[in-house]
Structure formats: structure tokens, C-alpha cells
Amino acid sequence: MNTLTAGAKAPLFTLQNQQGNAVSLQECLTRGPVLVYFYPKASTPGCTVQACGLRDSKAELDSHKVTVLGISPDPVAKLAKFAEKQSLNFTLLSDEDHSVADAFGVWGEKKFMGKVYDGIHRLSFLINTDGTIAHVFDKFKTSDHHQVVLAEIAAQ
């Protein structure tokens, strides 16, 4: 796994959102900075806590013109159910072939309960409007992810 670092150019991508519509990073960057956060699986406890923290911080993120894009390998239909059930107010994107996760360097070997498998590592990237990565979030708990992100945004 070769994770991108601050200062690197973010890979441009277009993926389907929870409604099945194409969303491109390039278009989102025209509106302001973008938080791309990778999470392993919709509707699991940790991913739900993380998503709800971002949901509840939407007004503050909006005040900084930050667009939130959550990316997982889940199919569009599963993302739609997750967004509806949790009343999520930001975009979820389906990366079923994990090509975007690969490009950001967040797809790799994981271990859980003695099993080794490939999957998404929980990392987030704050991307400037010029497409460079401003900050990589790799040290947080799912419950405080939104606070860590907001603190970094406020510090910039």
C-alpha cells in the first residue's frame, strides 16, 4: 500500500453516487476544498458513527465551503439505503472495483479476528481547490473523525 501524502496531486475520478449519478472530483473542486473519506463498509457500526459525525457537522463544513465525498466499495443500492437510514446530507460514492482506493493508496492487506484480506483502510484526504492534498487524516477514532477534520480546516 502506497498511500498518497500531503502535497501530492490527488487522482481525478468520477464515480456513481447513492442516486446512481456520476460525480467527479474535478467538478467538486470548483466549489471549494473537498474531504474525500474512505470507509470500509456502509451500515457497519464504526462507519455509521463516522458518517453521522460528518452529517452533524455539515453546517460548519459548509461554512468553509468543504464538500464531503464518502467512498466505499459498496454498490450504489447499498449506499442509497445507508444514506436514507442515517439521513446523510453529503455524497456517498461507489468504488466497487476499488480503483479509486488503489489510486489513493488506501486499498491493501487488513487483519481482523485472525483473518487476512484486502480492503479499504479508513483514511481521509483534504484536497485543495488546485487538486493538491492539503492533509491526510490517518490518526482518529470514528467517533471523533469530524472533530479532527474541523480542527485541521480551522487551522489552515
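The chain contains 6 helices and 9 strands; these are DSSP runs numbered from the N terminus, with helices (H or I) of at least four residues and strands (E) of at least two. The radius of gyration is 14 Å, close to the 15 Å of the globule rule for 156 residues, so the chain is as compact as a globular protein of that length. This radius is taken over C-alpha atoms, and the rule is 2.2 Å times the number of residues to the power 0.38.

The model is predicted: local features need pLDDT of at least 70, side-chain atom pairs count only at pLDDT 80 or more, and totals for chains, interfaces and linings use all residues. Residues are numbered from 1 along each chain as its sequence is written, and side-chain values use heavy atoms, leaving out hydrogens and water.

Buried residues (under 20% relative accessible area, 1.4 Å probe, protein chains only) make up 47% of the 156 in the chain. A nonpolar core is a set of buried Ala, Val, Leu, Ile, Met, Phe, Trp, Tyr and Cys residues joined through side-chain atoms within 4.5 Å.

| Core | Size | Residues, among them |
|---|---|---|
| Largest core | 25 residues | Phe-13, Phe-38, Phe-104 and Phe-125 |
| Another core | 22 residues | Val-66, Val-68, Leu-79 and Phe-140 |

The four residues named for the largest core have the most contacts inside it. Elements giving two or more residues to this core include helix 1 (25-29), strand 3 (34-38) and helix 5 (99-104). Beyond its neighbours within four places in sequence, Phe-125 is in contact with residues including Leu-4, Phe-38, Phe-104 and Phe-137, where contact means heavy atoms within 4.5 Å.

Terms used: Buried means under 20% relative accessible area, exposed over 50%, partly exposed in between (1.4 Å probe, protein chains only).
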